[in-house]
Amino acid sequence: MANLRKILLLLFVIGAYLTQAKEKPNVLFIISDDLTATALSSYENKACFTPNIDKLASEGVMYTSAYCQFPVCGPSRASLMFGYYPHATGTHGYTSGRENVGDRKSWSQLFMDNGYKSMRVSKIYHMGVPIHISQGSNGEDDSLSWNERYNSKGLEYLSPGVGELVQNNPDGTKPVKDGNVMTIVKSEGGDDAQPDGKTALKAIQLIKANKDKPFFLAVGFVRPHVPFVAPKEYFEPYPWERMAFPISYNDDWADMPKRAINYVTSVNAKMSPEQEKKAIAGYYASVSYMDAQVGRVLNALKEEGLEDNTIVIFTSDHGFHLAEHRFWMKVSLKDESVRVPLIIKVPGEKPAVCNSFAELVDLYPTISELAGLTPPKHIQGKSLVPTIKNPEAEVRDMIFTVTQGGKSFLLRNREWAFMSYNEDGSLGYELFDMLKDPHQITNLAKRPEHLDTLNHFKELLALKLKDVRNNDINGYPDRE
Ligand SMILES: [Ca+2]
């Protein structure tokens with residue numbers, strides 16, 4: 001009898017444990033690298049094919065106005081993983097950000113400390129692309145954030161195939177080269193010869209191996225970050241001659257402060273219109289290749305029966321210029337560089353399009369709340385949960401992004417985009433009427449009729465920075 005009681009008690013305990021384990025939703029966090037929202041067909045692009053991300057967008061909440069905190073890999077990722085604005089921690093460079101937060105818990109660490117297995121595949125914190133990918137190294141990873149971590153090594157610009165350098169190669173005679181430059185390679189060897197294919201395979205393996213316990217799986221794809229290396233078949237839908245230039249394809253620099261002119265432009269990169277179109281085609285091919293890898297991972301989740309118990313997030317660390325203002329790559333504060341795609345799919349919640357402003361710093365509190373975890377008191381994002389419950393809800397009326405060593409600032413609301421170059425504006429301002437001039441072509445900062453608006457934003461910037469910096473990250477223990 002006593003034995004039977006013991007067995008029943010044991011069954012009860014196991015049952016309670018399994019119920020509790022099942023109630024904890026898994027988290028699948030997928031982040032692409034340098035992916036602008038303007039390249040996705042679920043957003044406003046009709047030339048680039050992204051069927052897998054589009055499908056996820058149709059099943060989850062798709063945010064049309066999501067922004068990064070810093071349009072550069074390292075500080076953007078540090079901000080979203082630790083939940084602080086770059087000026088709260090002083091993280092403006094190519095590090096994980098750990099050196100500035102001490103023993104503060106990262107987003108995935110909070111999940112680890114609450115019974116989750118935390119795993120990383122490829123680039124989540126900063127990795128130099130292509131250098132750390134060629135090495136297969138951890139880059140600037142934060143080891144405390146993961147129970148397990150895996151890197152996806154690849155040949156990058158040395159991949160076998162047909163290559164072409166379209167940056168600083170005006171006569172087209174230079175060979176492909178290493179580094180952060182627009183090299184295009186139509187590669188041989190199929191999906192799995194490339195880093196993102198390897199990342200998908202590893203993610204699928206981890207989903208299968210961990211289906212019985214709650215997991216936080218972070219999957220980082222490195223495309224469409226340069227070099228634009230993709231299996232050759234992904235280039236077929238994008239003959240370069242058919243690539244169209246954006247509406248703001250114009251060196252409309254006369255009214256821009258010098259610092260607003262981007263670090264890579266068609267002019268300083270000596271790109272011909274043909275090379276510009278080839279760069280757009282190479283970017284789109286890289287996006288479509290990455291999209292296919294996203295599809296493989298999401299299919300595995302479905303096949304393993306985990307769709308109904310997994311929160312899926314898809315985003316990018318920042319955007320990318322594809323010849324708007326004759327700009328390329330990131331760093332700039334214009335919309336194409338700072339806006340990101342963001343999709344959050346929560347089991348049991350209805351699909352929707354949400355126009356509320358959202359920031360990547362909001363992911364940490366949002367996903368923690370959805371999983372029933374209490375985030376540390378002093379992280380700075382806002383929970384987006386109200387917008388998941390009701391897509392008409394607005395959690396922010398303005399976004400805040402910085403760049404260039406934390407010395408250039410953007411405040412952006414529905415009506416205006418305000419940029420200040422240096423905190424005191426000593427290197428100039430930009431002010432765009434986003435309702436009349438959504439492509440940010442006419443800088444109104446020096447127009448007398450907009451002086452009040454400019455002054456209003458100067459005050460808002462001072463208040464915002466004071467607020468962000470007041471968050472004493474070292475002075476308070478995490479709230480348990
Ligand atoms: Ca990036």
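Me: Which residue stands opposite P231 in β8?

Reply: S187 stands opposite P231. The model is predicted, so local features need pLDDT of at least 70 and side-chain atom pairs count only at pLDDT 80 or more, while totals for chains, interfaces and linings use all residues. Residues are numbered from 1 along each chain as its sequence is written.

Me: How many bridges join strand β6 to β8?

Reply: Two strands pair if DSSP finds at least two bridges between them. Strand β6 (residues 183-187) is joined to β8 by four bridges, and the two run parallel.

Me: Which way do the residues of strand β8 point?

Reply: In a regular strand the side chains alternate between the two faces of the sheet. In β8 (residues 228-231), F228 and A230 point one way, V229 and P231 the other, and all are buried. A residue is buried if 20 or more other C-beta atoms, placed from the backbone, lie within 10 Å of its own.

Me: How many residues of helix α11 are buried?

Reply: Seven of the eight residues of α11 (residues 363-370) are buried, among them Y364 and I367. The elements that cover them include β1 (26-33) and α12 (385-389), where contact means C-beta atoms, placed from the backbone, within 7 Å. After α11 comes G372, with a positive phi near 80 degrees.

Note on methods
A residue is buried if 20 or more other C-beta atoms lie within 10 Å of its own, exposed if 12 or fewer, and partly exposed in between; C-beta atoms are placed from the backbone. Two residues are in contact if their C-beta atoms, placed from the backbone, lie within 7 Å.
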